[in-house]
Amino acid sequence: MSTSRIFDIAGPRQQRRVRIATTVSLVALVLVGLVVAEKLYYEAQFVSEKWLVFYDLDFIRFLLAGLWVTLQVCAVSLVTSALFGILLALGRLSSVAVFRIPAIGVIEFFRAMPFLLIVFAVMFGLPSVGVSMPAYWQLVVAITVNAGAMFAEVFRAGILAIPRGQREAGLATGLPSRHVFTSVVFPQAVRNTTPALMSQAVRVIKESSLGYIVGVAELLNNARVVSEFTGNFIQAYLAAGVLFVVINTTVSYLGARWADRLESS
Amino acid sequence: MMTNMSERSPSQGAVIELKDVEKSFGATKVLTGVNLSIAKGETVVILGPSGSGKSTLLRTTNRLEPIDSGEIWYHGKPIPREGRELAAYRAEVGMVFQQFNLYPHKTAVQNITLAPVKRGKQKPEEARARALRLLADVNLSEHANKRPGALSGGQQQRVAIARAMAMDPEVILFDEPTSALDPEMIQEVVHVMKRLSADGMTMAVVTHEIGFARESADRIVFMDEGRIIEESDPESFFTNPRTERAQEFLGKILNH
Amino acid sequence: MNYSRRKFFVTSSTAAAAFVLAGCRGINPERLGGQADGFANVDQSGVVAQGPIGKNLPSSPILDEVRGRGFLRCSGTDTLPGFSQTNPVTGKLAGFDAGMAELFAKYLLGKPAVNFVKSGADTREAFLQNRTVDATISTYTITENRERIVNFAGPYLTVTSGVAVQLGETGIASSADLAGREVAVQPGAAEEALLREVPNAVPVRFEESSQCFAALQQQRVEAWVANTAIITSRAGTDSRTTVTDIRFGESPFGIGLPKGDDTYKTVATEFINTIAEDGTWQKLWDETAGLVDRTTNPEPPAIPMGR
Amino acid sequence: MDDLLKALPGLLEGLGVTLYLSIPAFLLAMVLGSMMAIFRVSRVRSLEVLGTLYVEGVRNSPLLLILLLLVFGLPDVGILLPLELAVIIGLGLYSGTFVCEAVRSGINGVDVGMVEAARASGLTTRHVISEVLLPVALRTMIPPLATVFITTVLSSALAAAVGVTELTGATRVYNLVAAQPFVAFGIAAAGYLLINLLIGWASAKSERLLRFNQ
């Protein structure tokens with residue numbers, strides 16, 4: 001929409017040029033596709049038994065079981081990281097330095113760390129100082145500290161985006177400041193931040209794939225088990241990729257729909 | 001009324017001529033059977049309630065909006081639809097916008113010289129000298145090297161007018177040039193426009209500045225719901241509007 | 001325009017050429033087939049069903065805890081063919097080590113109830129030390145260093161390391177030839193064995209044996225070192241790689257146990273001797289690792305009491 | 001102190017590998033992402049679809065999966081890349097989607113009125129883009145692109161999972177040998193914080209230099 005206003009609406013010459021470019025690029029794409037297919041064919045990747053993860057019910061069931069664990073990990077992690085994030089956001093917005101400074105420290109620190117390093121720290125670092133937990137919780141804890149820091153910033157932005165007037169109107173009606181926050185500011189912040197939270201959910205789903213390293217039987221881990229068992233890397237990981245893309249585009253789409261609804265309401 | 005004008009051929013001496021122009025945005029019809037011709041040296045003021053299609057009329061004239069049907073002529077020839085020809089046409093038709101639309105990363109002088117230099121019409125030094133003269137004309141000499149962010153709204157709009165002038169245009173289209181300005185800045189812009197008009201510039205102006213319309217307009221065009229429903233000289237339009245809609249409109253605007 | 005047309009021309013002629021070539025070459029038959037068939041037959045459940053149940057087992061802190069809980073927590077890996085690999089068809093862990101864990105649980109509890117915890121080479125000691133698990137059965141090499149911090153029962157199996165190379169490789173005739181070369185290994189037993197034997201080899205670490213194997217096939221490394229069972233299971237059946245005659249570094253695998261409960265260790269040792277004597281051990285080997293590695297015939301262990 | 005000295009060489013080397021991976025990957029992402037962004041606003045339907053498929057497909061896949069496919073999958077179709085190169089390409093592909101989004105929203109975020117004014121003044125499309133659209137859009141793109149760069153550095157840690165020992169991998173190796181988690185992870189954290197601060201500083205600095213109102 002906005003791009004069409006940036007550039008002139010195409011006249012007949014421009015339209016013809018666009019049509020030619022479309023045809024040329026389509027032909028080029030098809031040819032690239034054929035070259036890839038030829039390569040796959042030559043390397044015997046089209047042999048049906050290599051693709052059994054796509055049609056053999058046992059393998060599909062095994063991958064779907066992984067997907068189910070992925071969704072469980074994400075559901076649990078989303079709740080824990082949202083709680084952790086709210087806590088951090090409130091700390092960062094607090095006027096009390098004792099809350100604010102540690103919150104800033106925690107948020108900025110974990111935002112600056114690679115997720116895998118956090119996973120390794122939880123997996124290899126914590127046990128050697130006597131803290132260990134089942135792999136499932138290792139993954140959840142790692143996601144929680146990492147995503148929690150991201151969530152905190154989303155919530156903070158959401159709270160800061162509430163117009164001052166809202167707060168002032170609440171105070172003017174005689175509500176105590178704490179209630180103004182819980183019943184006026186906070187619900188609006190949650191509503192406004194939902195689309196951003198949905199894109200963070202995609203991030204969490206992708207992060208849960210590090211169950212591969214921790215040893216949680218989630219989707220990527222199960223794809224690895226299949227690839228180990230069958231020796232077909234490409235097919236096993238492609239199958240997992242398809243499932244990840246389907247889930248994540250669905251979540252993104254729902255987030256975008258939600259954002260549209262917020263805007264139009 | 002403006003009926004049965006469709007068979008009319010390009011008028012002699014008309015710089016811009018719109019013929020049976022129709023335009024819709026989706027299901028909303030914004031221009032219906034618009035016919036208008038602007039002669040050389042003429043100042044045409046277009047009035048009408050908001051949403052009546054005034055701005056769209058100007059924007060289609062510059063082909064910022066393509067039209068659905070009808071024709072727009074420039075010096076008796078249809079305006080180009082794309083490419084270099086369109087750019088060349090636009091260079092001859094200046095436009096001033098409600099929101100000034102200066103380039104934020106360029107100084108006042110650079111805003112003015114960009115198009116002349118890039119179109120290869122003027123050498124950089126030549127363009128700069130001319131830009132400084134134009135800025136002096138609009139009383140902004142001391143602001144020549146400031147970026148738009150450092151200028152007030154009125155100053156920005158005067159730079160925008162100087163920018164439109166820099167191409168030596170045949171016509172300048174003004175799209176509500178004072179609507180976004182604080183009241184105390186309106187006069188400085190109106191003053192510049194009045195001078196342009198007095199100097200014989202061909203102008204089409206969408207505005208709510210009745211003072212400007214009374215003093216400078218050669219002709220008033222009144223639009224409502226996408227149609228031109230009245231066209232007359234300012235004197236008779238303001239003292240004796242023919243249509244009810246125009247009376248209503250003037251009643252609201254003048255009592256305000 | 002001009003550019004696009006040229007690009008179109010180049011691309012289309014490339015594709016056409018590729019098809020002509022493809023027609024001449026036909027399918028590369030060497031890439032057919034998978035390993036799934038060999039691995040699919042690995043199944044220890046029959047052996048475990050007939051496995052012995054320990055009689056008159058003593059009481060000890062860990063044993064009491066395990067009995068009270070009703071299952072054994074045991075750590076290991078899930079992608080080691082023949083030893084401990086999840087079979088995606090059945091969803092179950094299959095292999096020699098997996099069978100050992102189930103037999104051990106059955107010996108202690110009367111039923112093969114095992115709660116499997118995945119651990120890597122980095123975390124095995126930590127898991128035992130902080131009692132995340134009751135035992136580690138995971139091609140876990142007994143070393144002096146480790147014996148300072150964990151108990152070992154066994155060895156229940158002693159393997160040697162083997163070397164796989166690309167077919168046609170002539171420069172690697174003895175382990176000394178690995179010096180200075182890039183060698184794929186998994187962190188843990190194999191890497192340790194390699195560096196003990198050839199300290200200046202260059203280990204390239206991969207998480208999985210299949211990745212080591214792929215790295216060798218793809219010529220990312222010049223050799224792959226792992227225990228003979230693993231090496232043979234993958235590289236022995238492939239047409240681009242071969243298993244050399246080089247053997248080195250006996251790796252005695254033990255059941256890792258938490259330090260401090262010697263009664264528990266004694267029971268574990270008795271368990272190994274029991275299954276070795278009654279033939280369960282041999283049957284387990286034949287049904288698991290023996291299926292993927294037909295070249296090795298390890299002897300059942302006989303552990304002197306008191307070790 | 002002794003532990004620290006022993007840990008440092010390996011970890012510094014890891015830090016070097018991290019930069020060696022992430023800087024070329026970011027450059028690749030810039031090229032690829034900008035190209036795809038142009039595709040997506042090009043009005044050439046097939047290229048738009050290609051751009052969309054790329055962004056939606058890659059952005060919604062875990063990076064680890066992409067790396068596994070490139071490192072262990074590609075050789076199965078006869079394309080063998082050096083380990084580091086495969087990681088750089090994977091990282092570049094992945095970060096490219098974020099670059100594409102940053103560039104696209106930078107372009108779409110440009111004030112439409114300003115672009116219309118440029119068109120109305122008689123500039124050709126080429127000059128509208130090079131003189132007005134891009135200079136303005138680039139300024140708004142600096143902070144999001146800096147974020148993408150930081151993300152690229154952080155994502156490069158996953159190289160450790162496919163056999164490249166960069167900073168995170170070196171940390172793990174050191175902790176495996178020395179069992180000194182505080183030293184190992186502390187140094188790694190300091191390394192990443194340093195990179196973050198440097199990129200953040202450079203971004204803020206360049207943004208200040210290019211600010212409009214002076």
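A residue counts as buried when its relative accessible area is under 20%. In this predicted model, buried residues make up 57% of the 256 residues in chain B. For chain C, with 307 residues, the buried share is 57%.

The two chains are set side by side below.

| Property | Chain B | Chain C |
|---|---|---|
| Helices and strands | 9 helices and 10 strands | 13 helices and 11 strands |

In chain B, 66% of the contacts with a separation of 6 or more are between residues 24 or more positions apart. In chain C, residues at least 24 apart account for 72% of the contacts between residues at least 6 apart in sequence.

The overall dimensions of chain B follow. Its C-alpha atoms fill a box of roughly 50 × 45 × 35 Å along the principal axes. The radius of gyration of chain B is 18 Å, which agrees with a compact globule, because 256 residues packed in that way would give a value near 18 Å.

Across the whole structure, 6 cavities of 30 Å³ or more are found. The second largest cavity holds about 170 Å³ of space. Its lining comprises 13 residues, and those nearest the centre are R205(C), E207(C), A160(D), R172(D) and V173(D). By class, this lining has 6 nonpolar, 3 polar and 4 charged residues. Helix α7 of chain D, residues 167–178, gives the most to the lining of the second largest cavity, with 4 residues.

Notes. Residues numbered from 1 in each chain as written. Chains lettered and ligands numbered in written order. Predicted model: local features only at pLDDT ≥ 70, side-chain atom pairs only at ≥ 80, totals over all residues. Heavy atoms only, no water. Helix = DSSP H or I, 4+ residues; strand = E, 2+ residues; numbered from the N terminus. Buried < 20%, exposed > 50% of the residue type's maximum accessible area, 1.4 Å probe, protein only. Contact = heavy atoms within 4.5 Å. 1 Å grid on protein atoms, 1.4 Å probe; cavity = no way out; pocket = protein on both sides within 12 Å on 5 of 7 lines; lining within 4 Å. Points joined across faces, edges and corners; volume = space filled by probe spheres on them. Nonpolar A, V, L, I, M, F, W, Y, C, P; charged D, E, K, R; others polar. Rg over C-alpha atoms; globule rule 2.2 N^0.38 Å.
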